[in-house]
Amino acid sequence: MPIDWKSYQPGEFHDELISSPGNPRKHARVLAKYLASLSQEELQHRKDSVDHAIKTMGISFTVYSEAGNIDRQWPFDLIPRIIPSKEWAITSKGLEQRLRALNCFIHDIYNDGHIFKDKVVPWDLIAESGNYRPQCQGMKPKHSVWAHICGTDLVRDANGRFYVLEDNLRVPSGVSYMLENRTVTKRVFPELFENYDIQPIGEYPDRLFDTLSSLSPRDVKHPQIVVLTPGIYNSAYFEHSFLAQQMGAELVQGSDLVVDQDKVYMKTIHGLERVDVIYRRIDDLFLDPECFNPDSALGVAGLMRAWLKGNVGLANAPGAGVADDKVIYTYVPKIIKYYLDEEPILPNVPSYLCVDPKQCDHVLKNLDKLVVKPANESGGYGMLIGPRASKREREDFAARIKANPRNYMAQPLVALSTAPILMDDGHVEPRHIDLRPFVLQGREFYVTPGGLTRVALVKGSYVVNSSQGGGSKDTWIVNEGSR
Amino acid sequence: MLSSVAERIYWLGRYLERVENTARLINVYSGMLLDLPRGTNIGWGTMIDIIGCNDDYEKISERFEEKPVVKFLLSDPRNPSSLMSGVTAMRENARTTREIIPAEAWELINNLYLHMKDNASRSGSRRGRQQLLETVVGECQRIFGLLTGSMNHNSSYAFIQLGRKIERADMTSRMVDVGSISLLPVFNRNTNQRLFLEPYENVVWMNVLRCLSGYQAYRQTVRSQVRGEDVVRFLLQDEEFPRAIGYCLNDLDKQLRFLPNPEEVLRAVARVKKITTEVDITKLLESGLLDFIDELQISIADIHEAISLAWFHPEEWRRIAGAD
């Protein structure tokens, strides 16, 4: 049986492609019609081609717990998600605005602290944040930018409006999957690219290279750029290697680098060579055993000294993560107004801060309706989805909140939008999705057209993280008027 | 080029060559046993000797019979010299040098790994085994072909070739060792008599040559029947046959000139060359090869040490890191 869109039930959620059973949205009509025109065998054949392409291209991610078989194939659904370009243009502006303001904020934190003197954000929140690095006080990185590469998580609610769910300013991953998803789709559905005017995303590695080059302390034509990875056992190792390859940069581990006289060098077969910019994909606390975790074997002794003296560019800058704390998140609309004197284009999901006794009381009373998140975790770990949790889990969480209210914030459960995925037997079902666009900021700004759409592959689930059973889709920003 | 990358790409070359040679060896050895009188004591245990994994084997079995030995050599993850371990190590080294090697090469290596994973433990029958081994040899050749045809012939390529030629020289020295077993008396279990394999000497040497794809080349170069002395000379000293140690050494010499400051390594290569060219082969065959092969293999290992000191782990860096 070919796909029958009449039997597709998006229910009360906003579906990205199908507005009601049998009715594709305007931008999805050509796609829906095309998919329905394929026989089940043909669809199965495409699905097999996807699996084959992913296997041979070696697109994988790594899961820590699965010893012995550390590499997993990347789960990918072949039906693309489509966003009209007009709508995207606004979203893209909103992202640029948000990141501009966040970078002003981080620079202010580590320098003059105006925003605290003006009592817009309480200093205590920063001082208590697990991501605040006092070692960075007084540092003035190039272009006054700290978070050069960001992955902002967006969700749509039941009305189809985009909200910012979280800002990832430390070492966000996923961009390689965004790029590879497009490559796979092109291999499997080349016909579709003739009928849609899809904005290309392939220039990301070039843009990343330019952004990193603009951080070079030396004024040389070809600054030496390296990608610093914790190694092949990191879940994002595939991405580190992919980006290094695409940029023509060296992929290094801490043991490849050495600091001598406050300058960073890499060990090569020609001897030691000076390094100008490090795109580091390891956490702050592992960067430099002299300065942070003394047991870290991943970092480079003396790296912070070299950076603080301005002898090497680090992206993202140490300490940038202070602004993606989930408690600071609730202040971002105020932060935008304070630094840019503009109204936020992209809204936050309404949030309750447990550090405020009144709001905390509300959270504790409504745990069955709220999602509670710890301030510093990422990857979807350590959070409570109230409506889906057992009574015991909620009581457990209530105790944790009371013990450390600063560490928690809560949000109503956003009814995430859905998109159709192709099931094994060839029919389609809605699954919840989010979107992670990537934003670059150095001398210039760049927002990816679209981003990585992550899918909760389990029916009804809201958890899209790849480490917890999520998959992904190609994301198309489509210019109006099909070719 | 990063030293750590150079080291991994060097090992990629070594594992590729090792996997190919091991597959050839198992295949030819199976064929040779069919040519020898039944019950001869040169059995599958000799195979374990050649590959040099006695200690690992003795940990898991005392039976030197076809099935367990072949399984151990093909698919046992506990055997670091098994084909499966070799392919896995090759893939790990390729996976961590993906920014250097051509994307298609990675795809081929990954495919070979997946193929081995699916088939290695299921190749019990002789026919199935032969098919698998031929696939492995063919794929290794394809991968090398692709690397040769699409990589820049610069330092990264030089490191692959260094790994490949050192591994090959080492394997050829082991093969000379195999041939020499035909010179020793063996015990026949069926007749309870000592038996000299001399009548089968030709068979053994011929199979050694086949194993190295060198039978034709030998015939063209030596132009005489297959005799132990000539075969040993051919395998040690020939400079045209790509699997002869003489050729490998010349190629090492050539590749080393692509790399910065190769003097110490060149000296190590010259020492091996001296050993292989100055030996009196007639005398050697009379007195036994054992000591000579040991000396040869140690000198080949010294080339590896010299490479490691020159480019992977120079003394000086330990000093800087220590001073910090």
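Predicted model: local features only at pLDDT ≥ 70, side-chain atom pairs only at ≥ 80, totals over all residues.
A residue counts as exposed when its relative accessible area is over 50%, and as buried when that value is under 20%.

Start with B:Asn261. Its relative accessible area is 60%, so B:Asn261 is exposed. Its phi is positive, at about 50°, even though the residue is not a glycine. As for where it sits, B:Asn261 belongs to the loop that links α12 (245-256) and α13 (263-278) of chain B.

Now look at A:Asp262. This one also has a positive phi, near 60°, and it is likewise a residue other than glycine. Is A:Asp262 buried or exposed? With a relative accessibility of 12%, A:Asp262 counts as buried. Its loop runs between β10 (257-260) and β11 (263-268) of chain A.

| Residue | Phi |
|---|---|
| A:Asp262 | near 60° |
| B:Asn261 | about 50° |

There's a cis peptide bond to check as well: it goes from A:Ala315 to A:Asn316, with omega near -15°. A:Asn316 is part of the loop between β14 (313-315) and α12 (326-329) of chain A.

**Around strand β24 of chain A**

What about the strand covering residues 470-478 of chain A, namely β24? Of its 9 residues, 9 are buried, so the strand is largely enclosed by the rest of the structure. Strand β5 (residues 76-84) of chain A runs parallel to β24(A), and 6 bridges join them. One of the residue pairings to look up here is A:Ile82 with its bridge partner A:Trp476 in β24(A). Strand β23 (residues 452-456) of chain A runs antiparallel to β24(A), joined to it by 4 bridges. In that case you can find A:Val455 with A:Gly471 of β24(A) as its bridge partner.

**An open sheet in chain A**

Elsewhere in the chain, 4 strands make up an open sheet, and their pairing is antiparallel. Reading across, the order is β15-β18-β16-β17. Which strands stand at the edges? They are β15 (352-353) and β17 (384-385) of chain A; each has a single partner strand, so one side of each lacks a neighbour in the sheet. For β17(A), strand β16 (residues 370-374) of chain A is joined to it by 2 bridges, and the two run antiparallel.

Conventions. Residues numbered from 1 in each chain as written. Chains lettered and ligands numbered in written order. Heavy atoms only, no water. Buried < 20%, exposed > 50% of the residue type's maximum accessible area, 1.4 Å probe, protein only. Pairing = 2+ DSSP bridges.
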